[in-house]
Structure formats: structure tokens, C-alpha cells
Amino acid sequence: MIVEVITPDKVLFSGEAVSVKLPGSGGSFEALANHAPLISSLDKGTVVVRTDSGEETFDVSGGIVEVLNNKVVVLA
Amino acid sequence: MANLKEVRTRIASTQSTQQITKAMKMVSATKLRKAQQAITQMRPYADKLNGILMNLADSAKDEQALQGYFEHRELKNVLIVVNSSDRGLCGGFNSNIIKEVKSLLGNKYSEANVEVKFLGKKAYEAFKRSKLNMNTSDMEAFLDLNADNVFSIGDAIIEDFLAGKYDEVRVVYNKFKNAATQIVTAEKILPVELESFDKATEEKENKYLADFSFEPSKKDLLSSIIPRAVKTQLYRTMLDSQASEHGSRMVAMDKATENAGEIIYNLKLQYNQARQAAITTEILEIVGGAAALEG
């Protein structure tokens with residue numbers, strides 16, 4: 001599964017990941033591989049990207065996430 | 001014939017001017033590269049956002065709660081956001097913007113009650129004696145240009161628009177085409193025209209294709225995405241303006257360096273002529289003196 005975390009200023013993360021935990025507006029949730037297509041808005045919180053080599057966290061102040069074809073794009 | 005010392009001083013002063021313009025050109029080239037990089041880096045964000053927005057666009061028009069963004073009202077109160085630079089010496093960059101604002105005020109919005117918001121000092125300096133309704137609260141936005149700052153400017157504008165303070169918001173800026181070409185553009189950012197996002201999107205592959213589930217609901221999503229898209233648009237105009245400024249200055253300084261070179265060339269010719277004339281006069285005097293002694 002490919003995860004991208006993008007802000008208008010730069011790309012924070014782009015690469016292969018095992019899962020990604022997101023602060024969705026309707027409650028925190030985690031997207032794994034083969035997640036169904038989804039568009040959700042995000043609240044202020046922390047995005048946790050879990051990769052084979054460890055975890056990376058990014059604080060976001062709201063945003064949008066799109067999950068499609070094993071690709072998760074987080075617009076922070 | 002110009003006197004030798006005078007010409008020498010002028011050559012020296014032109015040379016030092018040339019050095020300054022050359023240095024300024026180099027500085028602008030570096031800043032231009034950075035500014036272009038910023039544009040490139042925000043493009044994936046803007047494309048994705050527009051893509052998602054297009055996925056939702058069809059339902060957007062039916063949502064009653066979102067009509068505030070699309071409503072075309074009679075143009076009574078208009079906000080013009082003017083992007084200019086903080087410094088001069090950048091060719092026609094600012095004067096083109098000022099001209100465009102004047103033409104908007106004189107033609108399209110001659111009947112409306114216009115407020116002008118300045119981002120960057122130069123345009124403000126041109127208008128400060130006029131009787132316009134001016135907003136200078138974010139004039140220094142270009143000193144620290146980043147998404148967070150611009151988004152909070154955008155939030156304030158959107159809030160005022162939804163509250164009915166403005167009926168239309170337009171941004172005047174120099175669109176960056178390449179270092180030598182900037183296009184003065186007056187872009188309408190509010191009310192929102194969904195078609196304009198469609199055009200701006202380069203990434204169209206997933207449009208309408210997938211069967212997305214939407215969380216929390218399409219309406220809530222849209223009320224988060226639409227303002228975000230408007231703010232991103234504002235941010236893009238500012239990044240474009242910034243890149244245009246440096247491009248424009250680079251070209252202006254290049255021209256100035258070239259002109260200085262030409263002036264130096266002509267002055268040197270003059271100098272050599274004057275020196276030759278002085279030598280000739282001197283020889284004539286010596287020969288004449290010697291002839292008089294012998295005589």
C-alpha cells in the first residue's frame with residue numbers, strides 16, 4: 001500500500017506502508033491494504049504511518065483523505 | 001571635448017552600477033528557482049484536492065447548505081485582492097498590476113462599492129493617496145509566505161463573503177508563465193465556479209471512476225473541501241506572483257547590466273579620443289616651443 005502525506009508547502013511522506021492511522025471527523029480509523037475506496041475529512045490530530053521499518057507521525061490541523069486502489073493520499 | 005577626469009569618473013560610476021545590477025540579477029535567479037520549486041511542490045496538493053472536489057461536484061450543486069459559496073448576487077460590494085511586490089526595480093511587474101486594478105475600478109466595478117486588499121507594499125504605495133476603501137492588514141504577507149499564513153487570510157475572506165460583506169472576490173496577480181513572461185490576471189475566487197477547478201485539474205484519471213464511500217457525509221466533506229480549495233487557489237496566486245516578481249526582476253536587471261555595458265563602451269571611446277587629443281596638443285606645443293628656440 002502506498003501512502004502520501006501532502007501539504008501545500010511540501011510532501012511530508014511518500015512511500016510504501018503497512019497501515020495508516022487517521023483522525024477522521026467521524027472518529028479515528030486505520031486504513032490497511034485493500035481498503036475500500038473512501039473519501040473522508042480529517043479533524044485536528046495525528047496521522048501515524050506504519051512502515052516495515054517503524055512509525056512516522058505527522059500532526060495535522062484538519063484535512064482530507066482519499067483511499068483508492070491501495071493508495072492513500074492525505075491532504076493536510 | 002569632454003575633459004579626461006570627468007569621463008574617467010563616469011566610467012567608474014557606471015561600472016559600479018553594472019556590478020550592482022549584475023549581483024541583483026544573480027540573487028533574483030536564485031530566488032526565482034526557489035519560488036518555482038514552491039509552485040511545483042504545491043501542485044500535487046492542488047491537483048488532488050481539485051480531483052476530489054470534482055468527484056463530489058455533482059452533489060455540491062444540490063446541497064442547500066452550500067449555496068452560499070455558489071450564489072451570484074448583485075455586485076454591490078466587491079473585494080479586490082492585489083498581489084504586488086515589496087520592492088521595486090522589477091520592470092513592469094507592479095505597474096501592470098496597478099494598471100489592471102485601475103481598469104477594473106473604472107470599468108467592470110465602476111458601479112460597485114469596492115474594497116481593495118493589498119498583499120505587498122508597492123501597489124499600496126501607488127494608491128495610498130486615492131480615496132479607495134483600502135485594507136492593509138495583510139500587506140506583509142509576502143515576507144513570510146507559507147500555507148498556514150495564507151490559509152488564515154483566506155479564512156477571513158471566505159467568512160466575510162459568506163456573511164454577505166462582499167458579493168464577489170477577485171484576485172489580481174501576475175501569472176507566472178516563464179522567467180520572461182508574466183500575464184496579468186484578474187481571477188475570480190468567490191463565488192466558487194466549479195468548472196474552473198475542473199479546468200485546473202491535470203490529474204483526471206480517477207474522476208467518476210471509483211465507487212467511493214464518503215465520511216462523514218458528502219455535505220460535510222464539501223463544506224470542508226470547498227473553502228480549502230478556495231484558499232489553495234489564493235495561495236497559488238501568491239506563489240505565482242512571487243515567482244513572477246523574481247523573474248521580472250531578473251530580466252530587468254539583465255537588461256540594465258547590458259545597457260551599462262553599452263554606456264561603458266561609449267564612454268571608453270570618448271575617453272580614448274580625449275586622451276589622444278591631449279597628447280597631440282602636447283606634442284604640438286613641444287614642437288612649437290623647440291622651433292621658437294631655434295628660430
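**Briefing: chains A and B**

In this predicted model, 24 residues of chain B are in contact with 20 residues of chain A. Three elements of chain B give two or more residues each to the side that touches chain A: α1 (4-60), β6 (213-215) and α7 (218-294). The top contributor is α1(B), with eight residues.

**Where the chains meet**
- The side of chain B that touches chain A holds 13 nonpolar residues, seven polar ones and four charged ones.
- A strand pairing also links the two chains: β5 of chain A (residues 38-51) runs parallel to β6(B), over three bridges.

**A hairpin within chain B**
- Strands β4 (residues 168-178) and β5 (residues 181-190) of chain B pair in the antiparallel sense.
- Nine bridges join these two strands of chain B.
- Two residues lie between β4(B) and β5(B), and the strands form a hairpin.
- B:Arg170 stands opposite B:Lys188 in β5(B).

**A:Val5 in chain A**
- A:Val5 belongs to strand β1 of chain A, residues 2-6.
- A:Val5 counts as buried because 24 other C-beta atoms lie within 10 Å, and the cut-off for buried is 20 or more.
- Beyond its neighbours within four places in sequence, A:Val5 is in contact with A:Leu12, A:Phe13, A:Val47, A:Val49, A:Phe58, A:Val74 and A:Ala76.
- A:Ser41 is 36 residues from A:Val5 along the chain, and their C-alpha atoms are separated by 14 Å.

Methods
Residues numbered from 1 in each chain as written. Chains lettered and ligands numbered in written order. Predicted model: local features only at pLDDT ≥ 70, side-chain atom pairs only at ≥ 80, totals over all residues. Contact = placed C-beta atoms within 7 Å. Helix = DSSP H or I, 4+ residues; strand = E, 2+ residues; numbered from the N terminus. Nonpolar A, V, L, I, M, F, W, Y, C, P; charged D, E, K, R; others polar. Pairing = 2+ DSSP bridges. Buried ≥ 20, exposed ≤ 12 C-beta atoms within 10 Å, placed from the backbone.
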